[in-house]
Amino acid sequence: MRQINLIFLYLAIILVTSCASTSKQVPTPTNTMELDVFSSSVDQLLKNKDFLKSEILKINASKPSIQRILNESDGFWVKGNLKRANSELERALRISKNESSVFLRLSHIRLEQGLEVESGSFAARGLLISNVSSWERLLLNVYIKD
Amino acid sequence: MNFRISIKYIFSILTIVFVIFILAVVSVIDRRVTSKLDGVLWTVPAKIYSRSLEIAEGGKVNINNFLKELEMLSYEESSNPQNPGQFHYKENNIRLFLKGYKKQESGLYEISFEGNKVKSLKRQDGIRIDLISLEPMPIGGMYPSHMEDRLLLDWTQVPDRLVKILLAVEDQGFFDHYGISLKSISRAFFTNIKAANIEQGGSTITQQLAKSFFFSSEQTLKRKAVEAIAALLIEFRYSKQEILLAYINDVHLGQSGKRSIHGFGLGAQHFFGSSLKNLETDQLALLVGMLKGPSLYNPRRNPMNALNRRNTVLGVLRRDGLITEEVYMDLNIKPVKTIKPSFRSETKYPAFHDLVRIELRNNFEEEELRSEGLSVYTNIDPIFQASLENNIVLTKEKLVKKYGKKLEELEGAAIVVDIQNGEIKAVVGSTNPSQFGFNRSLNAIRPIGSLVKPFVYLSALEKYQDFNLTTTLDDSHLSVPISNNSSWEPNNFDKKYHGNVPLHKALWQSYNIASARLGIGLGFDSVGKTFKSLGIKKKIPQYPSLYIGSFEMSPFEVIQAYQTIASDGFYSPLRSIRDITDIEGKSALSYPYKIEQRFRPEPIYLIKFAMQQTFIRGTARGYKQSTIDKWNVGGKTGTSDDQRDSWFVGYAGDYLVLVWFGFDDNRPTPLTGRTGALELWKNFINDINPNSSTKTILPRINYVWTDIGDGKLSGPKCKNSILTPFIIGTEPKNIPSVRRRCGSMLEDESSSVIKKLKQVFEKKKSETN
């Protein structure tokens with residue numbers, strides 16, 4: 001049941017993020033209220049580390065060679081071996097410097113290691129990559145602390 | 001009666017004394033044997049390795065560098081690669097028999113290249129794969145004082161063939177005796193009597209192991225007796241398997257300089273550049289044959305002796321039915337081939353080793369490093385290192401030729417780092433880079449000259465409401481009072497004043513007065529904060545000449561600060577080590593990629609633009625625009641007072657390279673940053689030919705045409721105009737009347753594109769109507 005709720009929320013987030021960039025309609029007061037309620041739900045959801053992790057694990061690399069390394073890294077990460085997961089991610093970055101999927105993982109792993117500043121820095125670095133999707137951009141922004 | 005009692009008494013006393021003496025001797029020998037077998041024998045120095053090269057399908061790779069890497073890893077060219085360590089290169093295609101490393105299986109692979117990209121990677125069976133890893137190159141170790149080096153093997157790494165050959169040649173009755181073989185001793189005894197000399201030993205493998213514990217090769221009866229007792233004790237305390245494995249790991253197989261090569265594991269690497277498991281029967285036969293006299297049968301020094309000895313061993317194998325007559329005939333005629341010793345010798349790359357040692361000693365005791373068998377995986381790129389070492393020597397030679405003998409004592413240092421993650425790829429600390437000694441990359445503390453200017457200008461550009469790339473700086477006479485009766489008056493290198501100049505031009509032309517005035521205007525606090533954010537940890541002196549580089553730093557400190565700029569404002573501590581594993585291959589310590597955003601990307605973008613102009617029209621000009629774009633280069637020259645220091649720091653592709661030249665006694669040189677350090681920078685970068693790099697695209701940056709001379713708005717058709725980046729909202733607004741015509745936006749390229757688009761749109765519209 002919880003998973004179904006998450007799927008709905010996920011779809012809703014995509015809808016809202018895509019609308020946010022294209023819609024020119026002026027929302028009615030009722031819509032504004034619904035949007036506020038919805039935004040706070042999104043906010044809550046993005047604060048949920050487990051949700052973020054599960055979303056990040058779904059994000060694939062743009063190259064098969066990097067995806068192969070990500071699979072190895074994800075295997076270690078899921079088992080809680082952050083050190084090995086990290087070392088695989090660094091390996092991936094040496095082969096391809098601009099993989100947002102890698103920076104997302106590094107951001108979250110650093111957060112799990114209690115390194116918030118570094119987590120934010122990895123996310124900021126990921127945001128400099130030119131072909132980052134809107135969803136990845138939204139997720140990366142979660143780690144950036146002002 | 002009394003006499004008889006006293007004799008009996010004395011005899012008893014002597015017997016007791018003798019027994020006590022024997023027990024004491026046995027106890028001493030026992031202690032020695034157990035301490036060796038349980039401890040010192042397993043003293044394995046830390047091994048230091050280069051990075052492992054990984055290539056991926058679709059990834060970028062420089063073919064020449066890849067071939068050089070294969071050569072350095074002792075791969076051999078062969079028209080039909082069938083064994084580990086062989087390859088064949090033909091027309092953008094390499095068939096490579098990998099030796100295997102960690103998860104990378106040994107086997108035949110095919111790599112196809114297209115330009116500087118890997119087009120495809122295939123296994124022998126034709127199945128496409130996406131990644132292969134070459135093994136890292138051993139580059140040295142942390143050896144104990146007796147310089148014994150070994151690669152410790154366990155049973156899974158010892159091929160059965162080796163055991164069979166070893167027992168056939170050295171000790172056929174190994175599994176039957178108790179440490180001493182009376183049969184062997186009597187055979188040796190009669191042979192030696194006949195020859196009236198000691199010609200043959202009757203030592204078992206256990207006795208040979210015992211002998212190696214006492215660091216002496218003399219063949220006296222006393223020594224033999226001690227060895228015999230030791231052998232019996234070893235057999236009493238340890239199993240046959242343990243004894244054999246200890247022997248395999250302990251045998252002496254020669255010297256490499258001061259380093260002593262022990263064990264078959266290291267022997268295989270040292271002579272054949274391969275793991276023991278990958279050796280052919282003839283190679284194993286040679287190693288076993290060498291036990292009789294590691295120096296006499298050294299295949300590099302005495303190839304004929306080695307060949308004869310190997311064939312003698314092969315003869316024993318044929319006699320004992322371990323190989324057939326046919327195999328014997330094949331192997332017997334094979335030449336003895338070893339790898340080039342220079343690639344597998346003792347510690348190389350002294351300056352890099354200094355860095356590694358500093359990092360290691362923060363976490364490990366000296367004793368641990370010399371005995372625990374750690375494997376230290378570093379970030380060094382052996383291709384880059386070789387190129388840097390070669391080019392510092394060649395560049396100095398050229399400079400000596402050009403400027404004369406006065407430069408013969410010229411010294412230098414250079415460092416190469418990966419911009420993104422701060423990994424140190426190569427380093428030299430002397431113009432004689434292969435010798436250990438004073439490491440100038442770490443320890444030469446010198447005035448950095450104009451290398452300080454980007455730090456000052458960045459400090460200004462961070463205040464983007466007040467400064468942009470075209471902000472006018474005053475490069476006219478400046479006098480700063482520094483005490484009651486004196487003042488400081490900086491000069492430009494060309495001894496001229498340049499009046500009002502745009503900020504970016506003042507940087508790429510390296511104007512001292514404009515820079516000093518800018519720094520003074522910003523103040524020590526502001527500039528000091530930027531220094532700190534760049535990663536400069538030392539105390540910043542508060543005098544105005546700081547702003548034009550009287551500040552002293554080591555090359556290592558300077559490149560750390562420039563790494564933060566080159567990586568778009570993300571500071572990463574420079575690292576020489578990647579990972580350390582223990583003797584069992586488990587991770588003991590890793591040095592993860594650390595990152596901290598110290599600057600917003602926009603001011604960095606602007607400073608990097610100005611640093612690129614250094615190559616286009618400034619002090620480092622000379623490259624074609626296409627090369628500048630491909631590598632996305634940027635950099636800064638630096639020359640200290642009286643040309644005592646020649647600096648250049650610049651990035652190309654994924655790498656940042658810093659070079660310094662000067663004399664140790666600080667006397668003036670005839671070199672500037674451009675004529676000295678930049679030469680080495682260019683020679684190195686041209687040699688490694690880095691892969692292309694793309695410029696970061698920032699949405700908050702907008703380009704407009706400005707005039708190089710006055711920095712005001714201009715247009716594409718105006719003379720001396722340059723497309724200049726601005727943080728949106730900070731662009732100049734008004735075009736000077738003299739440039740209204742040439743700078744008209746209607747003439748702009750972008751306008752003409754829009755015009756064409758409009759025409760197409762209108763045409764389509766009329767068609768639909």
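**A loop residue and some charged pairs**

Tutor: B:Ser78 sits in the loop of chain B that runs between strand S3 (76-77) and strand S4 (86-90) (DSSP runs numbered from the N terminus: strands E, at least two residues; helices H or I, at least four). The model is predicted, with pLDDT of at least 70 needed for local features and 80 or more for side-chain atom pairs, though totals for chains, interfaces and linings use all residues. Residues count from 1 along each chain as written, chains are lettered from A and ligands numbered from 1 in written order, and side-chain values use heavy atoms, without hydrogens or water.

With a relative accessible area of 16%, B:Ser78 is buried (under 20%; exposed is over 50%, partly exposed in between; 1.4 Å probe, protein chains only). Leaving aside residues up to four places away in sequence, B:Ser78 touches B:Gln86, B:Phe87 and B:His88 (heavy atoms within 4.5 Å). Its C-alpha atom is 9.6 Å from that of B:Leu96, 18 residues apart along the chain.

Now to the charges: over all chains there are 47 salt bridges (Lys or Arg side-chain nitrogen within 4 Å of an Asp or Glu carboxyl oxygen). One joins B:Arg667 to B:Glu409, with the closest N and O atoms 3.3 Å apart. B:Arg667 lies in the loop between strand S28 (655-662) and helix H23 (673-688), and B:Glu409 in the loop between helix H14 (382-403) and strand S14 (411-418), so the pair ties together parts 258 residues apart in sequence. B:Arg667 is partly exposed at 29%, whereas B:Glu409 is exposed at 55%.
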